[in-house]
Amino acid sequence: MQKRFLILFFGILSGFTTLAQQTMVTGSVKQPISLEPISDVTVTIEETNQSTLTNELGVFTFSSDLPLGEQVLRLTKDGFVIQRYPIVVNEGETLTINDMVMEKDLSGNDLFTITLSDDELNDDTTGADNISGLLSSSQDIFQRTAAFEFSSSFFKVRGLDSDNGSVLINGIEMNKLYNGRPQWNNWGGLNDVVRNQELTTGLTPSAYNFGGILGTTNINTRASSYREGGRVTYSSSNRSYTNRLMASYASGALKGGWAYTVMAGRRWGNEGYQDASLYDSNSFFASVEKQFGDKHSLNFTSIYAPNRRGKSSPNTQEVYDLKGIQYNEYWGWLDGEKRNSRIKEVEEPIVMLNHYWDISPKTTLNTNVGYQFGKLGNSRLDYSGGSNPSPAYYQDLPSYYTADDDGPDNAGAYIAEQNFLNGGQIDWEYILTANQNNNIDTNGSEPAAYVLYEDRADDKQLTLNSILSSEINENILINASLNYKTLKSENFGEVIDLLGSTVGALNVDSFDNFQYDAQNPDRLVGEGDKFRYNYNLYADVLSGYAQAQFKYNKIDFFVSGSLSNTTYQREGLWEHSKFSGDDSYGKGKELSFNGLGAKAGFTYKITGKHLFDANAGYIERAPSLRNTFSNSRENHNIVRGIEEEKVTSFDASYIFRSPIVKARLTGFYSTIKDANEVGFYYADGLSGDAIAENETSAFVQEVLTGIDKRNIGVEFGIEAQVTPTIKLKAAGSFGDYVYDNNPDLYLTSASFESEDGSISYGQANLKDYKVAGGPQRAASIGFEYRDPKYWWFGATANFFSNAYVDVNALTRTENFYLDADGLPFNDYDEEIATELLKQEEFDDYMVVNLVGGKSWKIDQYYIGFFASVGNVLDKEYKTGGFEQGRNANYRELRDDNANPSRVFGPKYWYGRGANYFVNVYFRF
């Protein structure tokens with residue numbers, strides 16, 4: 001009996017001793033202020049597969065196979081702000097962290113994403129490319145600030161365009177082959193269902209593709225990933241639309257392994273902040289998923305978001321001074337309504353089928369097929385038989401009269417000023433009358449003097465890919481993918497309104513009298529007929545990447561590589577009379593480009609709070625379709641010496657993270673080499689003897705080849721939870737983005753008499769000029785207050801500087817100092833020329849924004865309200881602009897600058913004045 005007692009005693013003692021030596025992490029999660037426990041919080045030890053949920057008391061415990069040393073706990077729960085807590089795990093010890101806090105996420109970041117997607121993402125009416133959508137899902141303070149505070153100024157992170165980042169939906173890349181940029185309108189107004197995003201920034205590794213130097217955003221629309229329930233939202237704004245209504249519902253997991261999510265939305269308004277900028281958009285979404293056992297799942301997604309919006313014009317400073325920053329020259333009154341001549345219409349449905357295969361607990365294979373089709377159209381007026389209908393045409397403005405060669409015509413200037421102030425819009429009645437008069441011309445019916453036509457691109461694109469992810473062991477993760485996409489793009493002009501003409505439009509170039517369709521000369525076209533040009537573009541891309549990630553206690557690192565092949569071809573469906581035969585008709589030469597990429601990086605964990613991160617990459621990529629052909633509307637001509645672009649990038653960051661303060665400081669450097677750019681404009685003051693009838697003016701295509709750019713700078717972000725209810729935050733970027741060489745420039749035009757329709761002007765002296773595109777320096781400081789009763793308020797002051805006008809490259813070539821006979825001007829003054837060619841820098845400015853909201857829980861329902869006021873102080877500021885090409889030589893530019901008001905000054909875009917966005921929602 002005594003022996004049994006001793007055995008039992010020592011057994012129990014041994015058990016207690018073993019328990020005392022066990023390594024454990026335990027703790028609790030609560031709400032701030034009230035310290036109410038939060039259940040069902042997912043607590044994860046970062047960079048491991050270990051996670052658990054808090055119980056009804058907010059308590060969690062880890063007790064097996066714990067990694068030792070410095071670790072980070074990540075707390076996540078839907079509706080709460082993600083939190084990260086650094087810890088140190090010692091062998092044989094129990095670590096207890098009680099009363100960790102999580103705040104309700106009432107900021108409505110999805111609402112910000114809504115306004116960005118609708119207003120400012122890749123909108124060609126602004127003259128700027130915006131990458132805010134690539135950042136809106138980020139938890140990084142700098143990237144959130146760039147998306148939500150800097151976007152209205154068209155700030156570009158690290159000075160890079162959005163074609164340097166990838167946007168994917170369920171692993172399928174959505175960047176357009178035409179220009180490399182995502183078309184955000186394709187899923188606009190569907191914010192409830194596109195908020196599930198995975199973001200990798202810069203060169204950091206992505207599980208889906210190799211990516212660009214701005215990173216990858218993958219939007220997950222898998223039906224089973226949405227929280228069960230519904231949401232109805234109404235919004236009002238004076239930015240791009242005036243009203244928005246959305247409704248969504250997700251079924252959650254159903255019997256039989258089914259799940260579905262649906263959404264519909266509408267956005268509309270007669271005009272936004274700019275005059276006559278109508279908005280008319282509908283959005284539909286459906287996602288259905290079926291699970292087949294534990295290993296297989298099929299998901300079908302369809303997206304249909306047709307939208308129409310009125311464009312707004314860039315204007316000279318003279319026009320803004322007369323009419324204000326909301327002025328838009330593209331519209332006029334017709335039958336008591338504002339009619340905009342420039343409408344952008346996008347209707348490109350997306351369907352995709354995704355197969356998810358869990359080969360093993362550590363290996364997955366995702367195979368996808370996606371198809372996108374539809375049309376993209378941009379309307380404009382053709383005036384081949386009449387005068388320029390632009391109400392801001394230079395001959396109708398006061399500056400034209402004050403610049404008279406015989407001295408200022410003040411009376412004429414006054415009359416022009418009064419006419420512009422009292423009118424200043426398109427005269428639709430005049431246009432209709434001109435066409436009606438042509439219908440009854442005494443010498444026989446005449447073709448339409450004016451027609452409204454649309455530049456169309458009707459794309460059909462098929463994408464196939466497979467994405468593999470395999471965890472070799474707890475330290476090594478492998479990713480790989482193989483991708484194929486094929487595109488047929490039908491490009492043509494189409495007459496959409498004959499504007500009262502019963503005869504039709506003449507399909508002839510009235511400026512040079514060339515036949516657009518030489519095999520059907522002098523053809524009259526009606527509404528719905530093709531007009532001016534008609535051709536197809538073909539593209540095929542085969543690519544793949546492989547990546548290995550290594551994760552250890554003190555250091556993480558990765559290596560990644562990619563290969564690609566891209567082919568392009570043009571097919572002319574019409575023969576242009578200037579470029580006869582196979583120069584424009586039939587299929588042209590097939591072009592092939594090979595791409596490769598390599599990148600690597602590491603994160604060194606100095607301590608749990610202090611980290612150092614560095615990444616480097618090199619990419620060779622095909623030029624975009626847009627910049628491959630010098631003028632695809634007229635001929636097969638390929639940009640001279642075209643080759644793959646070379647991109648190099650490096651960044652290094654110091655990261656600090658604690659429960660109170662989170663901060664990051666990053667230095668970055670990138671170069672882009674051997675790039676090409678093709679632009680279109682009307683040029684005056686051209687030199688050379690290859691212009692028809694010895695003229696010095698022509699509508700030209702400007703081709704810059706071999707462009708090098710260099711971007712260098714630093715960015716930072718810091719936020720501090722100074723009290724449970726108050727958070728302070730600051731972010732900034734200070735960059736220098738310049739041209740790094742003097743690229744070659746040549747012009748092409750149907751007006752040129754050379755065999756290939758081009759004139760070479762040698763090097764454009766662009767080295768050290770600033771690359772235009774938003775401010776190169778930006779900073780923000782602000783705060784947030786979150787009350788325990790679920791209302792919140794925030795304010796930011798944002799500072800911008802070092803923004804520049806986009807210089808005209810032609811005026812930086814030999815054409816600037818050569819007369820029409822090809823000899824230098826005899827009155828050329830170097831000092832005056834230097835001043836004339838100095839790049840304009842816009843004024844510094846500050847924008848103050850306010851945001852706030854409140855939410856209520858009524859039983860199991862939620863009601864929320866959110867409002868933001870942008871540019872509270874109503875500051876006027878320029879977001880971008882470009883020099884006109886109408887003064888391409890020294891004399892013309894000198895004389896124009898000497899005028900009281902420039903006739904052909906730069907054209908600018910202004911940011912919005914004071915504006916608002918209000919949102920209410922009901923969630924169930």
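**Briefing: fold, sheets and buried sites of a predicted chain**

Of the 924 residues in the protein chain, 54% count as buried (under 20% relative accessible area with a 1.4 Å probe, protein chains only; exposed is over 50%, and partly exposed lies in between). This is a predicted model, in which local features need pLDDT of at least 70 and side-chain atom pairs count only at pLDDT 80 or more, while totals for chains, interfaces and linings use all residues. Residues are numbered from 1 along each chain as its sequence is written, and side-chain values use heavy atoms, with hydrogens and water left out.

**Overall fold**

- The protein chain has nine helices and 48 strands; helices (H or I, at least four residues) and strands (E, at least two) are DSSP runs numbered from the N terminus.
- The radius of gyration of the protein chain is 31 Å, close to the 29 Å that the globule rule gives for 924 residues, so the chain is as compact as a globular protein of that length; the radius is taken over C-alpha atoms, and the rule is 2.2 Å times the number of residues to the power 0.38.
- The C-alpha trace spans about 130 × 60 × 55 Å along its principal axes.
- Among contacts (heavy atoms within 4.5 Å) between residues at least 6 apart in sequence, 70% join residues at least 24 apart.

**Sheets and hairpin**

- An open sheet of four strands has the order 3-2-5-6 with antiparallel pairing; two strands pair if DSSP finds at least two bridges between them.
- Strand 3 (51-53) and strand 6 (83-89) are at the edges of this sheet, each with a single partner strand, so one side of each has no neighbour in the sheet.
- The twist in this sheet averages 25° from one strand to the next, with axes as lines fitted to C-alpha atoms (for helices over the stretch in contact) and angles from 0 to 180 degrees between N-to-C directions.
- Strand 2 (residues 42-45) is joined to strand 3 by three bridges, the two running antiparallel, and Thr-44 stands opposite Ser-51 in strand 3.
- A three-strand open sheet has the order 18-47-46, also with antiparallel pairing; strand 18 (315-316) and strand 46 (878-882) are its edge strands, each pairing on one side only.
- Two bridges link strand 18 with strand 47 (residues 907-910) in the antiparallel sense, and Lys-907 in strand 47 is the bridge partner of Thr-316.
- Strand 19 (residues 331-334) and strand 20 (residues 337-340) run antiparallel and are joined by four bridges, with Gly-332 opposite Arg-339.
- These two strands form a hairpin with two residues between them, and Asp-335 in the turn has a positive phi of about 55°.

**Nonpolar core**

- The largest nonpolar core has 53 residues, of which Leu-686, Val-700, Leu-745, Leu-747, Phe-752, Leu-766 and Leu-810 touch the most other members; such a core is a set of buried Ala, Val, Leu, Ile, Met, Phe, Trp, Tyr and Cys residues joined through side-chain atoms within 4.5 Å.
- Strand 37 (residues 661-684) gives the largest share of this core, five residues.
- Not counting residues up to four places away in sequence, Leu-766 touches Leu-704, Tyr-739, Asn-741, Asn-742, Pro-743, Val-807, Ala-809 and Arg-812.

- At the start of helix 3, a side-chain oxygen of Asp-140 comes to within 3.1 Å of the backbone nitrogen of Phe-142.
- Asn-507, in the loop between strand 27 (505-506) and strand 28 (508-509), counts as buried at 1% relative accessibility.
- A polar atom of the Asn-507 side chain lies 2.9 Å from the backbone nitrogen of Arg-532.
- Leaving aside neighbours within four places in sequence, Asn-507 is in contact with residues including Tyr-516, Asp-517, Phe-531 and Trp-574.

Conventions. A polar contact is a pair of N or O atoms within 3.5 Å; within protein, one must be able to donate a hydrogen and the other to accept it, and residues adjacent in sequence count only if both atoms are side-chain atoms.
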